[in-house]
Amino acid sequence: MSDSKQMLFARNLICVCIDDNKDADYQGLIYHQYADEPISFDGIANLILEMENLFDEWDFPQRGLAERKFDKKKENHKRPISETDGDKLKIEIISDAHGTRNVQNKKGKLGTFVIQVVYRQDASWQGHVIYQEENEKLDFNSALELIKIIDRAVTK
């Protein structure tokens, strides 16, 4: 592979910086293009939940399946769309309101992963991940596969 740096370009890039490994679980920070402040996570399950929350907030990539609810209350999370929004996607509206930042220059102490989830189908994720320290781009077909990629890279 050449010395050129692997890059991803997408509306929903997330940079996961792994800073610590306590009790066989990872801790670190999540950076995304629409905020200056990172989101901290304490454990791989918390990482997945935080990323899923971002995708739901952005409505991008859209869910392949509706989220199951077991309570009787109906929740309406849809933001009213103004006339100026027109046919824009929710993530485009967020981008227009907050601008974008480069997340591919962040660094974790144990590992750095730039993640693009392309699809949320079959109750999981499909996409690409770049392991920054090795300049290696890999594809994944599920959230579990993504977790395995991160774990293999960090425990080398």
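Mentor: Take helix α1, residues 44-58: its 15 residues should span 21 Å at 1.5 Å a residue, and its end C-alpha atoms are 21 Å apart, which agrees. The expected span is 1.5 Å times one less than the number of residues. Helices here are DSSP runs (H or I, at least four residues), as are strands (E, at least two), numbered from the N terminus. This is a predicted model, in which local features need pLDDT of at least 70 and side-chain atom pairs count only at pLDDT 80 or more, while totals for chains, interfaces and linings use all residues. Residues are numbered from 1 along each chain as its sequence is written, and side-chain values use heavy atoms, leaving out hydrogens and water.

Now the sides of the helix. Ile44, Leu47, Ile48, Met51, Glu52, Leu54, Phe55 and Trp58 are the buried residues of α1, where buried means under 20% relative accessible area, exposed over 50%, and partly exposed in between (1.4 Å probe, protein chains only). Seen down the axis of α1, these buried residues fall within an arc of 155°, so they line one face of the helix; the arc is that of the directions from the helix axis to the C-beta atoms. Ala45 and Leu49, on the other side of α1, are exposed.

The cover over the buried residues of α1 includes the strands β1 (14-22), β2 (25-32), β3 (39-42) and β4 (111-119), and it also includes the helices α2 (90-98) and α3 (143-154). After α1 comes Asp59, with a positive phi near 55°.

Conventions: Contact means heavy atoms within 4.5 Å.
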